[in-house]
Amino acid sequence: MTQIITKPNVVEAPEGISGEGYFLTSLDKAVGLARKNSLWPLPFATSCCGIEFMATMAATYDLARFGSERLSFSPRQSDLLMVMGTIAKKMTPVLREVYIQMAEPKWVIAVGACASSGGIFDTYSVLQGIDRIIPVDVYVPGCPPRPEQIISGILKIQDLVGNESLRRRNSEAYNELLGKYNIE
Ligand code: SF4
């Protein structure tokens, strides 16, 4: 039976020093705390995994508890690309364009077997994993993954976001990563 989680997610303070009337932490951690708890997902849903995402957004699982209830269908107003479903090769220019149009900092989750590896569709017309065209931060396994798994993926992204250095996006390593995908 599905366990219904009713308690809201309580945000903890980052590492720091506290005393009477003050709390000190680094800028990285303060910004990371805000970013990780206000992710705006762009659902790029093409097939069945998208239905699981709808369940993840609905009352029982309620993604709003993690600060991600504000979905965006505009790449410029989102920072988390969630790719859910089979990606036909004909769709790859569109997915790449959506990724490129998102402003930095941005993160990507491949939700389910199809987005992660092509899944059962080992065929000429299906992209065998979105990491062939864009960088991916977290992979969620399953065909389809249950909403709990999608939430687990979001929690992993939150960990990454909360601990990311503010300098990472300007780093040589990050530019090198984008360079591998021919993205400037
Ligand atoms: S991974 Fe399975 S459930 Fe998800 S889109 Fe592919 S076939 Fe459908």
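User: What do E5, helix H4 and E6 make?

Analyst: This is a predicted model. In it, strand E5, helix H4 (residues 112-117) and strand E6 make a right-handed β-α-β unit. E5 and E6 (residues 138-140) are parallel, paired over 3 bridges, and Val111 has Val140 as its bridge partner in E6.

User: And which unit do E4, helix H3 and E5 make?

Analyst: A right-handed β-α-β unit, with H3 spanning residues 92-101. E4 (residues 80-84) runs parallel to E5, joined by 5 bridges. Leu81 is opposite Val108 in E5.

User: Are the faces of E5 covered or open?

Analyst: Both are covered. Trp107, Ile109 and Val111 are buried on one side, Val108 and Ala110 on the other.

User: Switching to the backbone. Where is Pro105, and what is its peptide bond from Glu104, cis or trans?

Analyst: Pro105 is in the loop between H3 and E5. The bond from Glu104 is cis, with omega near -5 degrees. Cys143 and Pro144 are also joined by a cis bond, omega about -5 degrees; Pro144 sits in the loop between E6 and helix H5 (147-162).

User: What about phi of Asp62?

Analyst: Phi of Asp62 is positive, near 50 degrees, and the residue is not a glycine. Asp62 lies in the loop between helix H2 (48-57) and E4.

User: Is Asp62 buried, partly exposed or exposed, and why?

Analyst: Partly exposed, because 18 other C-beta atoms lie within 10 Å, and buried would need 20 or more.

Definitions and conventions:
Residues numbered from 1 in each chain as written. Predicted model: local features only at pLDDT ≥ 70, side-chain atom pairs only at ≥ 80, totals over all residues. Buried ≥ 20, exposed ≤ 12 C-beta atoms within 10 Å, placed from the backbone. Helix = DSSP H or I, 4+ residues; strand = E, 2+ residues; numbered from the N terminus. Pairing = 2+ DSSP bridges. Right-handed = clockwise from strand over helix to strand, strands pointing away.
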